[in-house]
Amino acid sequence: MTRADATLTLPQVTYRPPRLADAVRVHALVDACKPLDVNSRYAYMLLCTHFAATSAIAEQGRDVVGFVSGYLEPSARAVLFIWQVAVSPSTRGRGVGKRLLQEVLNRPACRDVQYLETTITPSNEASWVLFRSVARDRHADYRQSAWFRSEDFGSEDHEEEVLLRIGPL
Ligand SMILES: CC(C)(COP(=O)(O)OP(=O)(O)OC[C@H]1O[C@@H](n2cnc3c(N)ncnc32)[C@H](O)[C@@H]1OP(=O)(O)O)[C@@H](O)C(=O)NCCC(=O)NCCS
């Protein structure tokens with residue numbers, strides 16, 4: 001099945017900024033999306049309120065099938081930092097992750113954004129492909145550099161997080 005066929009057969013998915021009432025369902029979605037670190041419900045309550053303008057959810061009926069959290073870097077407002085992207089396992093590979101990122105980048109809050117940054121663990125192939133695909137669509141360069149090391153997490157069990165910077169957009 002091609003991407004176009006998959007999109008056609010996907011029951012309608014809608015995209016919007018998150019609201020406080022979404023936080024518990026977002027927490028449950030992220031909990032189901034390994035290898036993401038699930039944060040507290042309180043953290044998702046903040047993301048769904050203070051950071052709603054740079055975050056988005058994807059809904060299918062009453063189900064939250066996707067979520068992206070992002071913020072403008074406090075010391076560099078032209079940089080959109082993407083914290084987590086999560087798409088429910090049964091909805092993956094149908095363009096929802098990419099559409100969530102486009103939804104945020106196209107918002108008025110990101111009018112002056114020139115760079116998109118995120119961190120990705122070396123083994124997260126789906127995430128690397130997703131973000132490189134966004135760079136390709138926007139004809140933007142990207143570069144990667146070391147950032148958070150395993151020891152920064154206080155545990156050898158946590159893979160390093162490599163910084164990916166896309167832009168100028
Ligand atoms: C990473 C993730 C968000 C991707 O979401 P998705 O909705 O499946 O991605 P999309 O369908 O929009 O695909 C975007 C691109 O990535 C590619 N892709 C998606 N999953 C892939 C996989 N498992 N392997 C290789 N490529 C993949 C798609 O083919 C597409 O490429 P294209 O634009 O060149 O056609 C999803 O796999 C997920 O939730 N994973 C668990 C949580 C996670 O690791 N999040 C990322 C770190 S924050």
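This is a predicted model: local features need pLDDT of at least 70, side-chain atom pairs count only at pLDDT 80 or more; totals for chains, interfaces and linings use all residues.
Which atom of valine 85 lies 2.7 Å from a nitrogen atom of the ligand?

Residues are numbered from 1 along each chain as its sequence is written, and side-chain values use heavy atoms, with hydrogens and water left out.

Back to valine 85: a backbone N or O atom is the one 2.7 Å from that ligand nitrogen. I call this a polar contact, meaning a pair of N or O atoms within 3.5 Å; within protein, one must be able to donate a hydrogen and the other to accept it, and residues adjacent in sequence count only if both atoms are side-chain atoms. Asparagine 124 uses a polar side-chain atom, 2.7 Å from a ligand oxygen. Serine 133 also uses its side chain, with an N or O atom 2.6 Å from an oxygen of the ligand. The ligand on its own has 920 Å² of accessible area, and the protein covers 78% of that (Shrake-Rupley method, 1.4 Å probe; for residues, only the protein chains shown count as cover).

Now let's step back to the whole shell. The ligand is surrounded by 24 residues, each with a heavy atom within 4 Å of it. Among these, the closest are Val85, Gly93, Gly95, Asn124 and Ser133. Sorted by class, the shell holds eleven nonpolar, seven polar and six charged residues. Here Ala, Val, Leu, Ile, Met, Phe, Trp, Tyr, Cys and Pro count as nonpolar, Asp, Glu, Lys and Arg as charged, and the others, Gly among them, as polar.

Which elements supply at least two shell residues each? They are strand 4 (76-87), helix 4 (96-105) and helix 5 (125-137). Helix 5 gives the most, with six residues. Helices (H or I, at least four residues) and strands (E, at least two) are DSSP runs, numbered from the N terminus.

Strand 4 pairs with strand 3 (residues 63-73) in the antiparallel sense, over eight bridges; two strands pair if DSSP finds at least two bridges between them. A hairpin of two residues joins strand 3 to strand 4, and tyrosine 71 has phenylalanine 81 as its bridge partner. With strand 5 (residues 115-120), strand 4 runs parallel over four bridges, and valine 79 stands opposite tyrosine 115 there.

A few backbone details to finish. The bond from lysine 34 to proline 35 is cis, with omega near 10°, and proline 35 is in the loop between helix 2 (23-31) and helix 3 (41-47). Glycine 167 to proline 168 is also cis, with omega near 0°. Histidine 139, though not a glycine, has a positive phi of about 50°.
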